[in-house]
Amino acid sequence: MRQEVNFGKMIHGGDYNPEQWLDMPEILEKDIEYFKKAKINEVSLGIFAWAKLEPEEGVFDFDWMEKIIDRLYENGISTMLATPSGARPKWMADKYPEVLRVAPDRTRNLFGARHNHCYTSPVYREKVRIINKKLAEKFGNHPGVIAWHLSNEYGGECHCPLCQEAFREWLKEKYQTIDRLNKAWATTFWSHTYNSFDQIESPSPRGEMAVHGLNLDWKRFVTDRTVDFVKHEIQAIRDGGSDKPTTINMMYDFQGLNYHKFADIIDIVSWDNYPQWHKKEEYLTAMDDGMQHDIMRSIQKRPFLLMECCPGATNWQPVSKLKRPGMLHAASMQAIAHGSDSIQYFQLRKSRGSSEKFHGAVIDHYGGDDTRTFGEVTQVGETLEKLQEMTGSHTPAKVAVVFDWESRWALEDAQGPRNAGMHYKETVEKSYYAFRRLGLDVDMIDMEQELDGYQVVAAPMLYMFRAGFEQKVRAFVEKGGTFVLTYWSGIVDETDLCFLGGTPAGLMDVMGLRSTEIDALYDGESNVGVPCQGNHLHMTESYRCTNLCDLVKASTAEVLMTYGEDFYEGMPALTCNRFGKGRAYYICADFEQEFYNELFRKVTAEAGVKRAVTHIPCGVDITTRESGQAVYLIVQNFNRKPVEISLPVEEYPVWYGSYDGTIGKWETVILKKEK
């Protein structure tokens, strides 16, 4: 049972690796001095410290860590203590080679790197259990330790014999009989029928990769294995006597794991954010960044932690671009606006050697506190102290976008209608961006979550229908909700078998149409959507579309736009169907962003979605957080120059920042209405 987590303060801190400096004790004392000056109140400690905690098998050294945790606590600095499972020590790999991962080509890895270990290995699980339990016994109830940071950026997969057997057992539990599996995977195609579960192997470039049901179930298995390993780590901590909350740090647009499966396992979601600021106009990066924040917040629908961001330049991106003055503060405030209760950095002190020695840090190799980065980090810390009362406040979204990991896995493995780019993420972004341009808070949900409570739900390119989603949509629209579906949706079931009898399967009456064919356009090719005269939304502009054009046959749906070119000129390009008390819209083609902006502006107005600010300049981001006592309206300007904007200061007085009808470049203003 997950805990409700509220640390009572905005966390400001990050990854700290003092084990690199144990031979220089003066460094720790200087760091503490700097931390206090920068208003840093937390460190994430012990990540990748296994070799220092257990230098030889069964020989543990926690004294150095105890001294550091004590010293930090004496100075008002909390610790999020990591379990060290992200990288195993050399002695373990040498003595127990089974802990090392096996690649898809069935080659066992050599020692090295991170996450190069098997989640199934009994040896690895036992070693992790031992050290986690000992850490919990030693530090789990230390007043300075406020949470457990499990491993680091879980990811990757292992194809060793142990994992192969575990996969077969997983399949047996799911399908019960081999006949059911063969039917679900359509193995009669290419004569791939299995006679027993023992014959099944994971996908490999040296073997089977064309059975899409196998590929999909393998990805699900990898998520389940990782979830099970996280449970294993948590159980060791609990058995060690600690009930402190747990988190795992997730990653940007990471496709290797279905993060929704961790929602009930960990107590609080956290993630690592490394946008490439200044590569394009900042408001475009901010929009993408905001969507990722909202994905993470929506997993548990409550505040999350920004576990890592870079205070300077990263060293692993193609170009190590410096953040321009003011950008760190703007990005930090955006995370808070979208639901984070922390700003944490990688890293607090720059490493002297190895792969991340040039990665940005609060304290660099120079070692002083008079750097530009240190000054900007201090500014963030000072601001967070002013925003303490927002800690734990929630985001009251009335619109949602469906962003489903498993459907994406299947869609991108489907082999058609475009193999050179289905553009799933980009299509999702168009719906998200259109909502955000209206200043609306957006939940990013998957098909297993409920639709109750929303006024408008958009489901872009929902290739797979699973988890009873069709029934949820039907009930949602019947009761008065507005649902927006796009082309290439409802094509396959949860095992990637094509639906028979027409698509979108189970929703043809709700949508008032049937999809008949889909035309894949070459790169550079386009069509146009032309508004129908007298359409009820009063759409008046024509819009270009690319990539995919769905050819549908309308039954009860009103045709709002038609195609203007090619052999399907005059066929529906946008429709609306009244069903029960609600409406169901169908977008037939991959339209440009401006189409979405106009459509969603009119659809949300029709649905009665309330907006705090009605005229929002391009590049201005408006987000809401709400507590039991107040509503906070966070307004940010991500343009490279000041903008004029009319804000409802009579209803929402200015609480933070400066506003005189204009908001400065990359500035943040927070309005607050008492309840």
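Buried means under 20% relative accessible area, exposed means over 50%, and partly exposed lies in between (1.4 Å probe, protein chains only). This is a predicted model: local features need pLDDT of at least 70, side-chain atom pairs count only at pLDDT 80 or more, and totals for chains, interfaces and linings use all residues. Residues are numbered from 1 along each chain as its sequence is written, and side-chain values use heavy atoms, with hydrogens and water left out.

**Stop 1: Glu153 and Arg114**

Select both side chains. They meet in a salt bridge at 3.5 Å, N to O. (A salt bridge is a side-chain nitrogen of Lys or Arg within 4 Å of a carboxyl oxygen of Asp or Glu.) The two residues are 39 apart and link distant parts of the chain. Glu153 is in the loop between strand E4 (145-149) and helix H6 (161-175). Arg114 is in the loop between helix H4 (90-95) and helix H5 (122-139). Helices (H or I, at least four residues) and strands (E, at least two) are DSSP runs, numbered from the N terminus. Arg114 is partly exposed, at 40%.

**Stop 2: Arg220 and Glu406**

Now select this pair. Their side chains form a salt bridge at 2.7 Å, N to O. Arg220 lies in helix H8 and Glu406 in helix H12 (residues 405-412), so the bridge ties together parts that are 186 residues apart in sequence. Arg220 is buried at 8% relative accessibility. Glu406 is buried too, at 5%.

**Stop 3: Asp509 and Arg474**

Here the salt bridge spans 2.8 Å, N to O. Asp509 sits in helix H15 (residues 508-511) and Arg474 in helix H14 (residues 469-478), 35 residues apart. Asp509 is partly exposed, at 38% relative accessibility. Arg474 is also partly exposed, at 25%.

Next, select a whole network. Salt bridges that share partners join Lys174, Asp217, Arg220, Lys261, Asp404, Glu406, Asp446, Glu448 and Arg466. Across the whole structure, a search finds 49 salt bridges.

**Stop 4**

Switch to aromatic rings. A pair of rings is described by the distance of the centres and the angle of the planes. Rings of Phe, Tyr and Trp (its six-membered ring) pair if their centres lie within 6.5 Å; planes under 30 degrees apart count as stacked, over 60 as edge-to-face and the rest as tilted. That rule gives 35 aromatic pairs. Take Trp218 and Phe221: the centres are 5.2 Å apart and the planes are at 35°, so the pair is tilted. Both residues are in helix H8 (residues 212-239), 3 residues apart, or about one helical turn. Trp218 is buried, at 3% relative accessible area. Phe221 is buried at 3% as well.

**Stop 5: Phe591 and Phe595**

How are these rings arranged, stacked or tilted? Their centres are 4.2 Å apart and their planes are at 25°, so they are stacked. Phe591 is buried, with a relative accessible area of 0%. Phe595 is buried, also at 0%.

**Stop 6: a ring cluster**

Select Phe254, Tyr259, Phe262, Phe403, Trp405 and Tyr424. Ring pairs link these residues into a cluster.

**Stop 7: charges over rings**

A charge sits over a ring if NZ of Lys or CZ of Arg is within 6 Å of the ring centre and within 35 degrees of the ring normal. Arg349 lies over the face of Trp21, at 5.6 Å from the ring centre. Finish at Lys665, which lies over the face of Trp666, at 4.5 Å from the ring centre.
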